[in-house]
Amino acid sequence: QVQLVESGGGLVQAGGSLRLSCAASGSIFRVNSMGWYRQAPGKQRELVAGITSGGRTNYADSVKGRFTISRDNAKNTVTLQMNSLKPEYTSFYYCQAIVAVNGYKYNMYWGQGTHVTVSS
């Protein structure tokens with residue numbers, strides 16, 4: 001079994017910064033891609049940022065230039081640095097990881113979510 005544990009959410013004023021972290025643990029052979037998604041009430045979950053094991057990143061257009069995703073492959077962690085936050089970024093943020101539990105089978109895992117509130 002694999003667990004993803006997130007931390008770092010909270011309340012911040014518009015224009016401020018927050019840093020989200022996620023650590024994968026358990027029966028891990030290899031962690032492939034990792035990413036952050038968000039889901040506001042009544043809306044679909046959407047990709048915020050993703051990063052491959054090789055470090056290639058992609059971002060939602062709405063956060064480009066504001067958010068930076070990074071990872072530590074040795075520690076199986078992924079971090080989302082969020083700057084210049086806007087009230088519309090208020091949401092639950094979820095960590096996702098594609099993890100190989102052996103040499104050939106990959107599964108998708110999700111964290112429990114952490115809430116970010118950006119006040120105006």
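The accessible surface of the protein in this predicted model is about 6300 Å², and carbon and sulfur atoms contribute 48% of that area (Shrake-Rupley method, 1.4 Å probe). Of the 120 residues, 39% count as buried, meaning under 20% relative accessible area with a 1.4 Å probe and protein chains only. The model is predicted, with pLDDT of at least 70 required for local features and 80 or more for side-chain atom pairs, while totals for chains, interfaces and linings use all residues. Residues are numbered from 1 along each chain as its sequence is written, and side-chain values use heavy atoms, without hydrogens or water.

The protein contains eleven strands and zero helices; strands are DSSP runs of E with at least two residues, and helices are runs of H or I with at least four, numbered from the N terminus. The radius of gyration, 14 Å, is close to the 14 Å that the globule rule gives for 120 residues, so the protein is as compact as a globular protein of that length (taken over C-alpha atoms; the rule is 2.2 Å times the number of residues to the power 0.38). Along the principal axes, the C-alpha atoms fill a box of roughly 45 × 25 × 20 Å.

Four strands form an open antiparallel sheet in the order β1-β3-β8-β7, where pairing requires at least two DSSP bridges between two strands. Strands β1 (2–7) and β7 (67–72) stand at the edges with a single partner strand each, so one side of each lacks a neighbour in the sheet. Within this sheet, β3 (residues 18–26) and β8 (residues 77–82) pair in the antiparallel sense over six bridges. Alanine 23 stands opposite threonine 77 in β8.

Methods
Buried means under 20% relative accessible area, exposed over 50%, partly exposed in between (1.4 Å probe, protein chains only).
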